[in-house]
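Please keep the sequence and the structure in view while going through the points below.

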Amino acid sequence: MRAIKGRRICIICEGYEEVDYITALIGKAIFSNKYEFITVNAKSINTIVSRYQDKYQSNSYDLVLIFCDTDKSPSEKYYELKQKINDFHDVEIADSIVIFGNPCTMQIILSHFSNIKLTSQSKSINAQYIKQHIGIENYSASKEQRNELFSKIKRENYELMKKNISKLATDDSITSSTNFLQFLDKFESDDDNWIDEINNRL
């Protein structure tokens, strides 16, 4: 794929929380200036693959990534998504382009504030942890609540999040896991060879 301005990385996000979270991180100027990030809201895990295929085939980006939940076990839709990505490229590549949070993205977000391991993707269950660690009452991911939540993402707690998720498993079959740290390390680095390494496999 051809770079237009810097190295353009498109991130297909499962929903509003993922888009808002990535946008919040981008706004903190913690990633290398080598990259220009573009987020796309798929609004559902069911439409991620079609959005991915469209953006990949547009030839407008140096790399297209996916950011989504694994959802509750057995995570059928998540594993189906990975298989469809592998089938699309005819190579086992999904683990290199899918950023996941198990059981949900909130596992990563809450790690900015506490060393915590979520076991459920349920917003009603996780609302108690959001209230405890962030102070937002009855969190349901409304626009106003998301605005409040992501206004609390700071450069100062970014490092705490990295420290906390470094303690989590990176195997997507394990509850309370994520591979986000390996992508953050790449996003922070001026060495962009990792993009070419992925594309050379596609």
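1. Helix α2 (residues 48-57) and helix α3 (residues 76-89) have axes that come within 10 Å and cross at roughly 30°. Here axes are lines fitted to C-alpha atoms, for helices over the stretch in contact, and angles run from 0 to 180 degrees between N-to-C directions. Helices (H or I, at least four residues) are DSSP runs numbered from the N terminus. The angle makes α2 roughly parallel to α3, since angles under 35 degrees count as roughly parallel, over 145 as roughly antiparallel, 65 to 115 as roughly perpendicular and the rest as oblique.

2. The structure is a predicted model, in which local features need pLDDT of at least 70 and side-chain atom pairs count only at pLDDT 80 or more, while totals for chains, interfaces and linings use all residues. Residues are numbered from 1 along each chain as its sequence is written, and side-chain values use heavy atoms, with hydrogens and water left out.

3. On the α2 side, Ile48, Val49, Tyr52, Gln53, Tyr56 and Gln57 make the contact, and on the α3 side Leu81, Lys84, Ile85, Phe88 and His89; contact means heavy atoms within 4.5 Å. By class, this contact has seven nonpolar, three polar and one charged residues (Ala, Val, Leu, Ile, Met, Phe, Trp, Tyr, Cys and Pro count as nonpolar, Asp, Glu, Lys and Arg as charged, and the others, Gly among them, as polar).

4. Helix α8 (residues 155-165) packs against helix α9 (residues 180-188) at an angle of about 135°, with the axes 9 Å apart. The two helices are therefore oblique to each other. Tyr158, Met161, Lys162 and Ile165 of α8 meet Phe180, Leu181, Leu184, Asp185 and Glu188 of α9. This contact has six nonpolar, no polar and three charged residues, and α8 passes α9 in a left-handed crossing.

5. How many disulfides (a pair of cysteine sulfur atoms within 2.5 Å) does the count give? The count comes to zero. The sulfur of cysteine 10 is 8.3 Å from the closest cysteine sulfur, in cysteine 13, which is too far for a bond. Cysteine 10 counts as buried, at 0% relative accessibility (buried means under 20% relative accessible area, exposed over 50%, partly exposed in between, with a 1.4 Å probe and protein chains only).

Definitions and conventions. Left-handed = near helix turned anticlockwise from the far one by under 90°. Disulfide = S-S within 2.5 Å.
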